[in-house]
Amino acid sequence: MAFSTQDSDEVLSEMNVTPLVDVMLVLLVVFIVTAPMLTNAIPINLPKTEAVAPPDQKDPLVVSIDDMGKVFINKDEIQPGLLESNLQAAKAKDAELRVQLQADDQVDYGVVARAMASIERAGITKLAVITAH
């Protein structure tokens, strides 16, 4: 594509990038083919061992709030005012207590916020809020 200028004898040259693109694509293919061969391929016979079970993880304590605002701890209904004391008792039994909070989407935000505040006041630092995706 030539650009017109005031002097018709002057020619502007453009760089043809097609060969450059071709070379780059060839280099990319070479890299893709040779990359798996660059791993450390020293043949080693590993020793056989017995499988070791991972340490047992305790199930988390589940705090649920249904659409009517009722509070449950692991399927047991409790009074909302007793949530903090129940959590403190559970925390005293297990210092690494994990809590999962799940609330119905129709529940008033204030009920959920009070439950979260009770969990925090009980000294629980491991809290997961369960949602659906």
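## Salt bridges, a helix pair and a greasy patch

Aspartate 94 counts as buried, because its relative accessibility is 18% and the cut-off for buried is under 20%. Keep in mind that this is a predicted model.

So who does aspartate 94 pair up with? Its salt-bridge partner is lysine 58, and the closest N and O atoms are 3.9 Å apart. That falls inside the 4 Å limit for a salt bridge. The two residues sit in distant parts of the chain, 36 residues apart: aspartate 94 is in the loop between α2 and β4 (98–103), and lysine 58 is in the loop between α1 and β1 (61–65). Lysine 58 is exposed, with a relative accessible area of 57%, whereas aspartate 94 is buried.

How many salt bridges turn up in the whole structure? A search finds three. Here they are side by side:

| Salt bridge | Closest N to O distance |
|---|---|
| Aspartate 94 – lysine 58 | 3.9 Å |
| Glutamate 84 – arginine 121 | 2.8 Å |

Take the glutamate 84 and arginine 121 pair next, with its 2.8 Å between the closest N and O atoms. Glutamate 84 belongs to helix α2 and arginine 121 to helix α3, so this bridge ties together parts that are 37 residues apart in sequence.

Lysine 126 has 36% relative accessibility, which means it counts as partly exposed.

Back to the two helices. Packed helices are described by the angle between their axes and the distance between those axes. Helix α2 (residues 83–93) packs against helix α3 (residues 109–121) at about 35°, and the axes are 8 Å apart. What hand does the crossing of α2 and α3 have? It's right-handed. On the α2 side, Leu83, Glu84, Leu87 and Gln88 make the contact, while α3 brings in Ala115, Ser118, Ile119 and Arg121.

Finally, the greasy bit. A nonpolar surface patch of about 1100 Å² is made by Met15, Val17, Leu20, Val21, Val23, Met24, Leu25, Leu27, Leu28, Phe31 and Ile32. One of these, leucine 28, is placed in helix α1 (residues 18–34). Leucine 28 counts as partly exposed because its relative accessibility is 45%.

Methods. Residues numbered from 1 in each chain as written. Predicted model: local features only at pLDDT ≥ 70, side-chain atom pairs only at ≥ 80, totals over all residues. Heavy atoms only, no water. Patch = residues over 30% accessible without salt bridge, like charges linked within 9 Å, V, L, I, M, F, W, Y side chains within 5 Å. Areas by Shrake-Rupley, 256 points an atom, 1.4 Å probe, with all protein chains shown as cover. Salt bridge = Lys/Arg side-chain N within 4 Å of Asp/Glu carboxyl O. Helix = DSSP H or I, 4+ residues; strand = E, 2+ residues; numbered from the N terminus. Buried < 20%, exposed > 50% of the residue type's maximum accessible area, 1.4 Å probe, protein only. Axes fitted to C-alpha atoms, helices over the stretch in contact; angles between N-to-C directions. Left-handed = near helix turned anticlockwise from the far one by under 90°. Contact = heavy atoms within 4.5 Å.
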